[in-house]
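Welcome, and please take a moment to look over the sequence and the model below. We will then walk through a few of its features together.

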Amino acid sequence: MVDFGNDWNDVMSGEFDKPYYRQLRSFLKNEYMTKTVFPDMHCIFNAQKFTPYSKVRAVILGQDPYHGRGQAHGLCFSVQRGTEMPPSLVNIFRELNSDTGCPVPDCGDLTGWAESGVLLLNSVLTVLEGRAGSHRGKGWETYTDEVIRKVNEKDSPVVFLLWGNYAKQKSSLVTNSRHLVLTAAHPSPLSAYNGFFGCRHFSAANRFLESRGEEPINWNLSE
């Protein structure tokens, strides 16, 4: 049983006893014992640990963690302090600045967003060093799809920011009409100019939340 330290414990009750997760756990135990896996095993569930279920007001969905040393720490698109910002994150901050005027922060740690109610969820939560996508198809997608379904069940409005074709596919899990789904191209340099730049998702998310009587997300990481 994973202990999130918050209300996700009740929300995900029973998930860790399912056969698929037991098989995933056995696989991960061997991987962490014999290979270099990111993030650190204590950081795997940081997205849910840092953003309690009751506090989720937005979801940003990534695919799998960064696979370089010192990068991944359990939050999608985020890197640990002292680590160079990956190109996609640079483009995210560029769009944020253009959209809202928030200054570009001096580090790529997005913990502040998580604490403001943004669930920074990767679809796959672990990866081998230097091997992107190496833990896909092992069971993580089943788990994180269930996380999205649980957020979909919330009575309070949530904004889903889905960037890139992979993330857009998850829109089928968002069936609750009280929520808002925003889609755009992936912020990668390969696609950012095809619809990510200029999407203005950050301000759109806050306008939606405020129109529903909710507190806006504090996107400013420099405060």
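Let us begin with Phe77, which is buried because its relative accessible area is 10%; here buried means under 20% relative accessible area, exposed over 50% and partly exposed in between, with a 1.4 Å probe and protein chains only. Phe77 lies in the loop between S2 and H4, and although it is not a glycine, it has a positive phi of about 70°. Helices (H or I, at least four residues) and strands (E, at least two) are DSSP runs, numbered from the N terminus.

A word on the model itself: it is predicted, so local features need pLDDT of at least 70 and side-chain atom pairs count only at pLDDT 80 or more, while totals for chains, interfaces and linings use all residues. Residues are numbered from 1 along each chain as its sequence is written, and side-chain values use heavy atoms, leaving out hydrogens and water.

In the loop between strand S2 (58-62) and H4 you will also find Gln71. Gln71 is buried, with a relative accessible area of 18%. Setting aside neighbours within four places in sequence, Gln71 is in contact (heavy atoms within 4.5 Å) with Tyr66, Ser78, Val79, Gln80, Thr83 and Pro86.

Next come two helices. Helix H4 (residues 87-100) packs with helix H8 (residues 201-211) at an angle of about 55°, their axes 8 Å apart. The axes are lines fitted to C-alpha atoms, for helices over the stretch in contact, and angles run from 0 to 180 degrees between N-to-C directions. H4 and H8 are therefore oblique to each other: angles under 35 degrees count as roughly parallel, over 145 as roughly antiparallel, 65 to 115 as roughly perpendicular and the rest as oblique. On the H4 side, Ile92, Glu95, Leu96, Asp99 and Thr100 meet His201, Phe202 and Ser203 of H8.

Arg200 is not a glycine, yet it has a positive phi of about 55°. With a relative accessible area of 39%, Arg200 is partly exposed.

How many aromatic pairs does the structure hold? There are 21 aromatic pairs, where rings of Phe, Tyr and Trp (its six-membered ring) pair if their centres lie within 6.5 Å, and planes under 30 degrees apart count as stacked, over 60 as edge-to-face and the rest as tilted. Tyr21 and Trp140 make an edge-to-face pair, 6.3 Å centre to centre with 70° between the planes. This pair links distant parts of the chain, with Tyr21 in helix H2 (residues 19-34) and Trp140 in helix H6 (residues 140-152), 119 residues apart. Both Tyr21 and Trp140 are buried. Phe196 and Phe197 form a tilted pair, 6.1 Å centre to centre with 55° between the planes. Phe77 returns here too, as one of the residues in an aromatic cluster that also includes Phe196 and Phe197.

Charges meet rings as well. The charged end of Arg94 sits over the ring of Phe197, 4.3 Å from its centre; this requires NZ of Lys or CZ of Arg within 6 Å of the ring centre and within 35 degrees of the ring normal. Likewise, the charged end of Lys154 sits over the ring of Tyr53, 4.8 Å from its centre.

We finish with two prolines. Pro39 is found in the loop between strand S1 (37-38) and helix H3 (46-50), and the peptide bond from Phe38 to Pro39 is cis, with omega near -5°. Pro157 is in the loop between H6 and strand S5 (159-163) and is buried, with a relative accessible area of 10%.
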